[in-house]
Amino acid sequence: MAEFVVRRIALGAVVLWVMTAVVFVMFFVAPHNVANLIAGRQATPETVALVKHRLGLDQPVLHQYRDYMWRLLHGNLGYSFYNSTSVRSLIWQRVPVSFSLALGAAALWLLIGVSAGVLAATRPRSLADRAVTMGALFFYSMPSFLLGVVVFYLLFYRLHLAGIGWFPGNGYVAFTQSPWRWAQHLVLPWFTLALVTAATYARLTRGSMLDVLGEEYIRTARAKGLTERRVIYRHGLRSALTPVVTQFGIDFGTLLGGVIIVENIFGLPGLGQLAVQSVVQQDLPVVIGTIILAAAFIVVANIVVDACYGILDPRVRVH
Amino acid sequence: MLEPPPGGGSSPVVAKSPWRLAWQRLRSDRVALACAATIVLIVVVALSAPLIADAVGHKPGEADQSGGLTPEGLPLGPSWSHLFGTDYLGRDVFVRVVFAARISLLAGVVASSLAIVAGVVVGLFAGYAGGLVDTVLSRTMDVILSFPFLLFGIALVSIVGPSLTVVIGVITFFSWASVGRIVRGQTISLKEREYVEAARSLGASDLRIMFVEILPNLVAPVLVYLTLLIPSAIVFEATLSFLGLGVIPPTPTWGNMLAESLGFYQVAWWYVLFPATALLITTLAFNLLGDSVRDALDPRGERLFRQ
């Protein structure tokens, strides 16, 4: 197991390095002129040269790369062009928001997806099964920004018109300040993010659960006289969950994408909002900072998921 | 579903290829037919968008500040002269929704096809060559698959500027790797088959084996994947446009129309509803059809809704 984890961490480090390299190429080496972009349309050549110098773009590429990696390794992400605060502090302020959103949504979608899938698989061809299958297809086809708009309209705006203010439409309250208001502000974004992704998990769990329930050892478990609940949850679900965990590892990228969309719809001051804002304002250090943080998050999360995978299914450790 | 066994020896026994069987299964699937009809309708509407605009008498970019807005300057509701109402500039929402279908389909189909071509070629080489080539290509695909794609997409847009070409490029770049992975897996198992060995003993070159012997056997999984890729590419384009980073106004797309409409959701429900419905119907039709295609090609009962 230890060797497996070490190998996985090494691979993760390589992936992260590749991502930082891609970011470097995108922003510093690619032929289009970042300096022109920053200096604005009516900039004089002198301004452009100044911006170039400030960004270090007039240095040789290798030299630039060395500086870039050196800064990154020291956690120095530079300063925002707009409010001259350090990118690190800008990002840190917003991490709790995105973290609350992502974690809550992921927990919710696993819960909804897996339980809907188990429900459908244990009663194949029943009404519940069909409802889950149709619902899954519907939400699977639903772009998350569209669901966000619908949820916002019905559960925020219509309810507010009716004088029911259960769900605030924007803003964020820190958990430490008031856990209740924190959850209240996040409920709609959580569900928006969770429902779209839960659909995939419902389909996946249903399929793999049906496969597993047809296996010999499930028949053996039943023949031993175990309760149906124990057969399904202890014997069936554990092995049916392996593809679900794999999918979970793949979905971190999707999760981050969803966070960007949902934060922008519900006005949550998180990393996604920061990312879009800085792209629109062409605040490059902030853009680079958020991308690298997101990449690091995905790499770390994937390592954790792979370790879980190893625990869940011992065969993985051998390969 | 299955044809009845030939009775009484009167009807001749006809051999049916797997493709023919799949086609028959697909044709008897009512949901699939309905979805196929919907998609054909959307394609026809998109292709004849200028004709439709002429027939209705509005242009997608025609801002009618006097007749297209209420005296207060707000969008007009649906009526006979504006079937889906008007938007905040007094433009006809119906005509814009129709024109937006062109962008969505174009982005969806072009990006998915490019991704399929790239994925098939890379997957074939990786799976067939094995060894170092396989390792390098597979790791590349792994890295691309673990990219936070929406974030990289918007970052790229931020430096090269938003346009349809960039959107298509971004979608292709982040989609081909999953195709490649599937093709690689299939190729690895197919290249051990006897017919490949037979071809090799007849002196066929590696390229011929890859593209003439193996490729035709990959059509089914690739086709299934294409039907899944198109709707996700359409959603990706709509999402980028929604965030203001895809196709930019005044060119109408369902995504940027929705983004504009959000400033008016309190007064103009039609402005939100029609682009949203168009987008949802399109993705739903493609996904349902994709599901049926998968069933038709791989009809092993209980694997119905498995990816």
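Reply: The model is predicted. A few words on chain A provide the setting. Chain A has 14 helices and zero strands, and its C-alpha trace spans about 80 × 60 × 35 Å along the principal axes. Of the 319 residues in chain A, 38% are buried. Among the contacts in chain A between residues at least 6 apart in sequence, 72% join residues at least 24 apart.

The largest nonpolar core contains 161 residues. Those with the most contacts inside this core come from both chains: A:Ala275 and A:Ile291, together with B:Leu151, B:Ile154, B:Ala155 and B:Ile171. Helix α4 of chain B (residues 93-129) supplies the largest share, 19 residues. In chain A, domain 1 (2-73) and domain 2 (93-318) both contribute residues, and therefore the core lies between them.

One of the residues with the most contacts inside the core, B:Leu151, shows how the chains meet. Apart from its neighbours within four places in sequence, B:Leu151 is in contact with A:Leu256, A:Ile260, A:Ala275, A:Thr290, A:Ile291 and A:Ala294.

The contact between the chains may now be considered as a whole. Here 42 residues of chain B are in contact with 43 residues of chain A. On the side of chain B that touches chain A, two or more residues come from each of α5 (131-145), α6 (149-160), α10 (219-242) and α12 (269-297) of chain B. Helix α6(B) gives the most, with 11 residues.

Terms used: Residues numbered from 1 in each chain as written. Chains lettered and ligands numbered in written order. Predicted model: local features only at pLDDT ≥ 70, side-chain atom pairs only at ≥ 80, totals over all residues. Core = buried A, V, L, I, M, F, W, Y, C linked by C-beta atoms within 7 Å. Buried ≥ 20, exposed ≤ 12 C-beta atoms within 10 Å, placed from the backbone. Helix = DSSP H or I, 4+ residues; strand = E, 2+ residues; numbered from the N terminus. Domains from an automatic or database assignment. Contact = placed C-beta atoms within 7 Å.
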